[in-house]
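Keep the 3D view open as you read.

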Amino acid sequence: MGKVMIIDLAICNGCHNCQVACKDEHVANDWSPVAKPQPDTGQFWNKVVNMERGSFPKVQVTYHHSICQHCEDAPCLEACTAHAIYRRADGIVIIDPEKCRGNQLCLEACPYENVIYFNHDLNIAQKCTFCAHLIDRGWTETRCSDACPTGAFTFGDEQDLKEKIAQAELLKPELPTGPRVYYFNLPKKWIAGAVLDSEADECLEGAAVTATDTRTGGAVTTTTDNYGDFWLRDLKDGQYTVAVEKEGYLTRKLGPVDATQKDQNLGDIVLWRA
Amino acid sequence: MEEYVTRPPNSAGEKTLVRDISWCGVFNGANASMVDVKDGKIIRIRPARYYDQYTKEEVKPWVMHARGKTFEPSDKSLIPPLSLAYKKRVFSPGRIRYPMKRVDWDPKGERNPQNRGVSKYERISWDEALDLITSEILRIKETYGPTAILNQSDQHGENKVVHGPHGCMRKLLTMLGGYTLQVRDADSWEGWWWGAKHAWGCEPVGQQMPQKNLLWDISKNAELLLFWGCDQETTVWGWQGQLTSRLSYWWTELGIKQIYIAPDVNYANAVHADKWIPVLPNTDAALYLAIAHQWFKEGTYDKDYLETHAYGVDKFEDYVMGKDDGVPKSAEWAAPITGVSSRVIKALAREWASKRTTVVIGNGGPGIRGPYATEPARLQVLCLAMQGLGRPGCNQAKMIEWGLLDNFEQMSPPAPSVLTNLGAAYTGSTPAVTNHPSFIPKSLVPKAILEGEIDWWGNESEFTVREDQFVHYKYPADGCSKIHMVWTDSPSWITCWNSGNDYVRAIRKPDIEFMLAQHPWLENDCLFADVILPVNTTLEEDDIGSDIFSGQMNLLFPEERCIEPLGESCSDYEVVCRIAERLGLLEEYTGGRTIPELIKLGYETSRVAHLISWEDLQKKGYYVVSPDADWEKIPAGLIEFYDDPEGHPLSTPTGKVEFYATGLAEHFPDDLERPPVPKWIPQGLYHEETIGTERSKKYPLLVMSNHPRWGVHSEHDDITWLREIETCKVRGIDGYQYQPLWINPVDAAARGIKGGDVVSIVNERGVVLAGAYITERIRPGAVGIDHGAKYDPVVPGEIDRGGAINTIVPRNTTSKNACGHAVSGFLVEVEKTDLEALRAKYPEAFARECHITAGPCLAGFTEGGA
């Protein structure tokens with residue numbers, strides 16, 4: 001049965017237990033033939049990526065995770081001229097530390113970021129093994145999923161997790177790699193701000209805020225809360241115009257707001273009485 | 001040593017040992033971990049699995065039901081990365097493996113106290129070390145009397161039970177005639193201790209008491225949670241693990257709104273907040289006052305409740321509304337002080353008044369550890385009272401220290417059927433002891449040594465009650481000596497307390513003829529000791545442990561050592577045993593009890609001995625305590641006071657919430673820094689640390705200093721797997737890993753500072769180097785730096801490279817009559833460092849050997865491979 005990992009970014013608290021547990025397992029422990037030791041620092045077979053989003057005072061952090069996707073159609077496996085990379089019956093892709101010749105072709109071939117590392121001391125490429133040495137001993141968790149306090153990592157058999165997988169996202173859905181790592185709540189862009197009546201010195205609750213995609217014309221609407229705050233979430237990457245409307249006030253239009261690269265905090269938006 | 005009966009190794013030849021890897025530092029364990037060992041090597045550290053040896057049917061874990069949803073403990077302990085990475089701490093390049101002596105300290109000749117912190121160390125034998133130590137102890141005692149020996153032993157290092165680790169020497173010193181005790185002050189909760197007690201009692205901590213069942217109360221009843229300077233994704237790690245993280249997600253799932261009030265997007269805010277209110281550091285008092293003003297103005301507070309539950313509201317109202325001083329403490333008044341707009345203050349006040357609101361704290365947030373911390377603490381209590389404190393969903397809830405002081409009243413999560421306790425087997429000292437002939441509050445130690453004579457009010461123990469704050473004490477006490485020797489087993493004063501640079505100056509005085517440190521790592525205060533004894537880590541010792549703070553299930557477990565002690569190290573208890581033996585006092589010191597006997601005693605007095613036999617406990621490796629079957633019937637928080645204030649009064653003189661503190665009015669009627677009615681105090685006799693003061697022209701930024709994310713106080717700073725995390729260290733252009741200073745892009749740009757730059761944090765108390773971490777997570781006008789970085793002096797007492805921000809925090813205490821320390825919310829300037837100039841001026845300090853990924857290490861401070 002194929003092993004899979006499901007990562008839910010919405011309940012990752014950023015504690016780095018996964019990254020640290022991986023080091024605890026693989027640094028200075030030799031799990032040949034599955035893996036030789038990982039260098040003490042600088043390499044991460046499960047890397048937590050700190051994504052600071054927005055700007056003062058609309059700021060959030062999302063913690064992303066880079067880990068080998070254990071692809072069904074793994075570009076690294078194809079690229080290795082030493083035939084050091086193989087796929088086990090359970091789908092786990094392993095770089096054989098004995099066969100690896102250090103030509104680093106796999107690093108170039110892998111389309112995902114921060115996944116395969118080159119260990120200069122051992123002259124081999126290394127990456128996540130889904131803790132295959134433990135699975136073979138009867139473990140049902142990898143070290144990272146075992147150490148996760150919130151359940152952000154779910155490791156298991158594909159068959160048992162079918163329903164969850166059906167709801168999940170892929171890191172790079174455009175690639176035909178057939179990854180065995182699935183995600184929930186991959187970051188989507190947001191536009192936020194705070195609406196106020198400066199003459200009354202009050203936050204404006206209940207204002208309608210609409211973001212319209214300048215290319216597709218698709219619109220998303222929300223209303224401001226008691227602080228005048230609004231968060232337009234789950235936006236597709238794109239340019240938007242933003243309209244702020246409230247009865248008794250002049251409507252304000254802002255934009256274009258560029259949400260192609262990053263989330264946008266529009267700051268304080270003053271409405272004037274009509 | 002008696003061998004343990006343990007479970008056999010698994011098929012891979014690994015043996016699993018259960019260990020407490022947490023840092024409360026006394027016998028109160030947490031972070032139960034399973035350590036797999038093989039052939040004398042630690043293979044891995046992982047969460048403890050409750051159901052490896054027990055079934056859920058046996059344990060019957062609690063289930064919280066609220067709003068149609070359920071919440072249960074996890075099947076495993078929720079340990080933090082600090083525990084997972086602990087083998088790196090055990091094998092740190094800073095480990096002390098042999099006794100050492102400062103090379104130019106000669107008790108028969110020149111002692112060179114001025115070179116403490118500069119001169120290096122050489123290895124000596126245990127024999128030589130014991131000779132030096134015992135002859136110095138006897139000489140000092142003979143010359144000055146026993147109280148010339150200052151004993152520094154606190155908490156908050158590794159948890160151990162039969163091996164101390166803190167205060168093992170007190171019994172021996174008592175046998176020798178006495179000593180002067182450094183009394184830990186209420187660090188991290190000073191505002192509650194010195195302030196809030198005068199508003200609501202809640203002895204002995206000053207935070208709301210009782211806490212019982214508040215997690216369930218929130219889940220069922222609260223509509224709004226104000227996390228006020230609380231980071232339940234950080235501060236709790238060393239104490240209890242990560243249940244608070246799961247809970248915070250659950251509360252969001254239940255639809256309970258979470259607002260975070262602090263200068264920074266702390267780690268909990270970063271993932272749980274519905275709203276961030278970025279208040280300037282240590283201006284919270286003004287924010288509370290403006291909220292109260294809005295409530296008085298709009299009549300949106302519980303007048304009937306105040307009639308029956310409060311005292312002196314009229315005097316408070318007069319101050320808030322400006323009848324006293326002509327200044328209404330309105331939202332408009334508070335906006336420029338706090339940096340929060342008046343409209344947001346008003347919106348917050350209205351939301352708090354309209355919803356069942358619980359204020360959530362995690363001990364010392366940035367708002368409670370600053371100058372005049374008594375005031376925001378008291379004002380929070382008064383605001384809670386104005387909205388019916390104790391009503392379901394309306395309490396002050398703690399995210400930390402659940403079950404503190406062996407007390408069910410402190411148990412916010414569902415209560416266990418038994419609170420396990422290992423106090424009887426503990427060989428260290430507990431902080432609650434009183435009636436010392438000679439003591440100095442920790443916050444006043446530098447002042448005592450530098451000035452020779454001091455006096456103060458209160459603080460005989462961190463757990464004394466409010467009345468102790470009205471007792472006057474002095475140093476030297478009558479018939480007692482000044483300090484001439486220091487013996488520390490908690491050598492982290494410099495990086496954890498107030499004005500570490502003053503401490504450095506004090507400890508380098510010739511008056512201090514001998515300083516003895518015992519510790520596993522050469523760090524912080526150790527650099528000033530004359531003789532250092534090697535202590536081993538918890539994983540190198542046989543012990544007995546527990547997990548009582550997790551909030552999930554209590555555990556008891558025998559602790560077999562995972563590896564043999566490194567080098568010639570031994571435990572704190574064994575260190576003192578060796579000294580006692582040399583003095584011919586071993587039998588009297590130990591009472592004739594062996595380590596295995598102490599471990600067994602721990603089991604016998606743990607309160608669960610009737611539930612599992614010693615043999616079964618060893619075979620299974622641990623015992624899981626079931627929850628109280630009737631935990632749901634335990635009344636939540638202050639509900640009994642709410643329902644019946646006469647029958648269940650508070651421990652204030654009036655039994656009510658005192659808006660006008662009668663005790664302060666009686667004892668300190670003229671104290672402008674802690675007046676009977678709590679106030680916003682921008683400056684006073686003891687501090688000038690706010691924007692708008694004269695000092696702020698030169699030092700315009702306010703420092704917010706939190707408890708560290710990647711360590712517990714001074715612990716863990718050398719763990720390479722943590723130091724490589726982006727928010728843990730910033731590698732400077734010179735390759736050194738600097739402590740990050742959070743600075744907003746606006747403030748950075750104004751100073752020409754770029755991300756990764758080495759910067760100097762400056763005020764008249766000294767200079768601390770740091771790595772610029774430019775981030776939107778800190779508000780403009782404030783900079784953030786965690787305390788606890790390893791001290792790495794460029795010039796001892798003046799310039800630090802390691803990032804120990806406490807070297808330049810205020811030297812004065814909370815206020816004149818309150819001797820807590822003030823370690824956050826103070827003024828500095830930040831500038832780009834001219835590293836080349838500094839290196840040229842201090843070549844030796846910069847040439848000191850430093851581990852490329854672990855930081856300052858033993859090799860930098862030793863000669864001849866010690």
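**From a covered helix to the domains**

In helix α18 of chain B, the buried residues are Gly500(B), Asn501(B), Asp502(B), Tyr503(B), Val504(B), Ala506(B) and Ile507(B). A residue counts as buried here if 20 or more other C-beta atoms lie within 10 Å of its own, with C-beta atoms placed from the backbone. Helix α18 spans residues 500-507 of chain B, and seven of its eight residues are buried. What covers those buried residues includes α16 (445-451), β19 (485-488), α17 (493-496), β20 (514-519) and β31 (766-774) of chain B.

A word on the source: this is a predicted model, in which local features need pLDDT of at least 70 and side-chain atom pairs count only at pLDDT 80 or more, while totals for chains, interfaces and linings use all residues. Residues are numbered from 1 along each chain as its sequence is written, and chains are lettered from A and ligands numbered from 1 in the order in which they are written.

Now zoom out to chain B, where there are 29 helices and 38 strands. Its C-alpha atoms fill a box of roughly 75 × 65 × 55 Å along the principal axes. Of its 866 residues, 64% are buried. Among contacts (C-beta atoms, placed from the backbone, within 7 Å) with a separation of 6 or more, 77% join residues 24 or more positions apart.

Chain B is divided into domain 1 (15-91 + 541-561 + 608-624), domain 2 (190-415 + 635-667) and domain 3 (695-863), with bounds from an automatic or database domain assignment. The C-alpha centres of domains 1 and 2 of chain B lie 33 Å apart. Across their boundary, 21 residues of domain 1 of chain B are in contact with 18 residues of domain 2 of chain B. On the domain 1 side, β4 (64-66) and β5 (69-71) of chain B each supply at least two residues.

Finally, turn to chain A, which has an open sheet of three strands in the order β8-β1-β9, with mixed pairing. Strands pair if DSSP finds at least two bridges between them. The edge strands are β8 (153-157) and β9 (181-184) of chain A. Strand β1 (residues 3-8) of chain A pairs with β9(A) in the parallel sense over four bridges; Ile6(A) has Tyr182(A) in β9(A) as its bridge partner.

Methods: Buried ≥ 20, exposed ≤ 12 C-beta atoms within 10 Å, placed from the backbone. Contact = placed C-beta atoms within 7 Å.
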